[in-house]
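Subject: Structure handover

Hello,

Here is the structure I said I would pass on. My notes come after it.

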Amino acid sequence: MNKTCRIVNLQEEYSQLYQEHRSMIEDGAPEKMNALRAKAFETFIEKGIPSNKVEAYKYTNLQPYFKGTLDIAFSKEAALNGSSNKFHCSVPELDTHNVFLINGWFAHLEDAHQLPEGVVVGSIREKALEYPEVFEKYYGQNLGDDNDAMAAMNTAFAQDGAFVYVPKGVVVDKPIQLVNIMTGENDRLVFQRNLIVVEDNAQLKVMLCDHTISPQKFVINNLTEVFANENSVFDVYNIQNQHNLTTQVSGMYVHQKKYSNILTNNLTLHSGVTRNNIRVTMDDENCESHVYGLYLSDKNQHVDNYSFIDHAKPHCQSFELFKGVMDDSASAAFTGRVLVRPDAQQTNAYQSNNNLLLTQNAKINSKPQLEIYADDVKCSHGATVGQLDDDAMFYLKARGINENEGRILLMFAFAYEVIEKIRVEPLKENIRSLVEKRFRGEFDKCDSCVVCGHQGASVSCL
Amino acid sequence: MLVIKDLHAKIDDKEILRGINLEIKPGEVHAIMGPNGSGKSTLSSVLAGNEKFEVNEGSVSFNGKDLLDLAPEDRAREGLFLSFQYPVEIPGVSMVNFMRTAVNEHRKYREEEPYSASEFLKLMREKKKLVEIDSNLTNRSVNEGFSGGEKKKNEIFQMAMLEPKLAILDETDSGLDIDALRVVANGVNKLKSPERSTIVITHYQRLLDHIVPDYVHVLYKGRIVKSAGKELALELEEKGYDWIKKEFED
């Protein structure tokens, strides 16, 4: 059922919400999921929804966004609300395995029989029962020791999400696309918990596409745990394309074993308030990680990328690049925490954050945060904030290109470096055209999704 | 085609052009020479519409239109082309995208249909051949990592693509080896026509062996102090600028 709750004082009501509905939250959920709830709930209640007094959330005070009168679905029926089979993917050049999740709950998977043998894709609460040994080994094991309040909140409340398992040695050629759809007739609070396990020598590419298709306010706390085991290759592209009334706290927690190579790319093309918590733990030797992000914001949008690369073992490499273009009164923040632990010798860690501010009112806070406890390492970081280059603009004008076209060319040129890092060729093409449309102001953020091609309800753009 | 009358321009309150008068007719090639700091590049920037410079007096008419009244992009669309002394590197903007945007903006201005992708690529191939530009330069970002010579050749290639009525070559020869110089000059000569005019701004007579001017002007302290035929360039090469300065000071 959908439960409507009015949140004014945060912890008080969240505590009540949890305690009163505990049996419904736990109903039908895997044992391990329920076993972790109590402790997570304690952590969450103790810390609360972070305000900007919490150092890690200094530039994003989440408290006001988590207040209001919000619906919460405690069952699949309530979450789907009769909207399960409306969605189809129709972009031919993007050949993907499509999974649809509605308001945080698994809705359906297209063409399940086409998955390579042994690959499991489905609802986390259902698959956990079918594959208990995998689930119990990995679920909740990679949240780190920093006890993030939002991760704890997710562990306490989440009931469903996607489960993806790729067995040893299997290469999944087509990307798996998780389409996360937010819809409903009332403002809504959504939890979602995904678990992705890529076994030794396996390869997987995942796209997470976040959409809102009805004009209500959505408050989202989702979290994806990824385990990239020995010599595996894993890519995740999170395309965030939501309307301005959306608040999303998105956690991506990747755990790496020996010789694994991972890539995360958070493409925040449109959203109200976005906080991405990206945590990569390099828990073995010779890991390689690529952590990228592109954020394009205007009006009063706000994007906060908080990355934490944990170099726990020697001989690992990390490459981090985040770029943002802020227009109007948009604001953004970047934190790049890199921890090189005492025995992580021969670490290479590179970090870069570049920002383009198009107006006087746009704002960026960029904070590299390197903690290095080993002595034989190479670490670099750089942050830049700039405006469009006048000389380049004049050069374009002198060739007959007007100011507006010139701006689009130069903004695109700025964003291009992050787009080039995409390792799925057709997706790269799609993102290129999406980004260009975004800069041209032709981006239709509510009615349809250019990536997965599905048609949404015809609602006015917010 | 181009009539400049008593043109004054300044940057940061420093007057650099102090009354330029010049008339260029269709098909003519004019060379503008002069010592460093005489205002040669300022003149080309002002004509192209660089907002760093402020025009405080005078007028410029280009094919009957008030040039100074036009935005830089409209000057280009009206057929004015500046080959930059220092072409700007624009990482992330591909040459193809850049040129297609520019060419189609010109066509739109003339109320013509934009080129399709295949028409455009065909045009590009033709022009690349004409100016002997290396094929892979056009597959890269605009001027990014180009050598000095490649940048200048790229300017001539852009000129060929845009087919201007008046081309201003601002020290296109500086820093070029003899082969690149020949390529640049050949490109310019191949594009020559009775309707098209060229202003060649240069320090040295060398380029003028290849692009033969109808008139040579000497710019000094923001004014044209001497105008003559092509023989003036040779005289300058031989005697330097001191005699002009002396004549002018007297």
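Below are the conventions, then the contact between the chains, then the cores.

This is a predicted model: local features need pLDDT of at least 70, side-chain atom pairs count only at pLDDT 80 or more, and totals for chains, interfaces and linings use all residues. Residues are numbered from 1 along each chain as its sequence is written, chains are lettered from A and ligands numbered from 1 in the order in which they are written, and side-chain values use heavy atoms, with hydrogens and water left out.

Interface. In chain A, 17 residues are in contact with 30 residues of chain B (contact: heavy atoms within 4.5 Å). About 2000 Å² is buried between the two chains, 65% of it from carbon and sulfur atoms (buried area: accessible area, 1.4 Å probe, that two parts lose on being put together, summed over both). Of the area that chain A buries against chain B, A:Phe394, A:Tyr395 and A:Arg399 supply 40%, more than any other three residues.

Two salt bridges are counted between chain A and chain B (side-chain nitrogen of Lys or Arg within 4 Å of a carboxyl oxygen of Asp or Glu). B:Lys52 and A:Asp391 form a salt bridge through their side chains, at 3.0 Å, N to O.

Cores. The largest nonpolar core has 114 residues, and A:Val435 and B:Leu2 have the most contacts inside it (core: buried Ala, Val, Leu, Ile, Met, Phe, Trp, Tyr and Cys joined through side-chain atoms within 4.5 Å; buried: under 20% relative accessible area, 1.4 Å probe, protein chains only). Another core, of 49 residues, lies apart from it and includes A:Val164 and A:Ile196.

Regards

Notes:
Buried means under 20% relative accessible area, exposed over 50%, partly exposed in between (1.4 Å probe, protein chains only).
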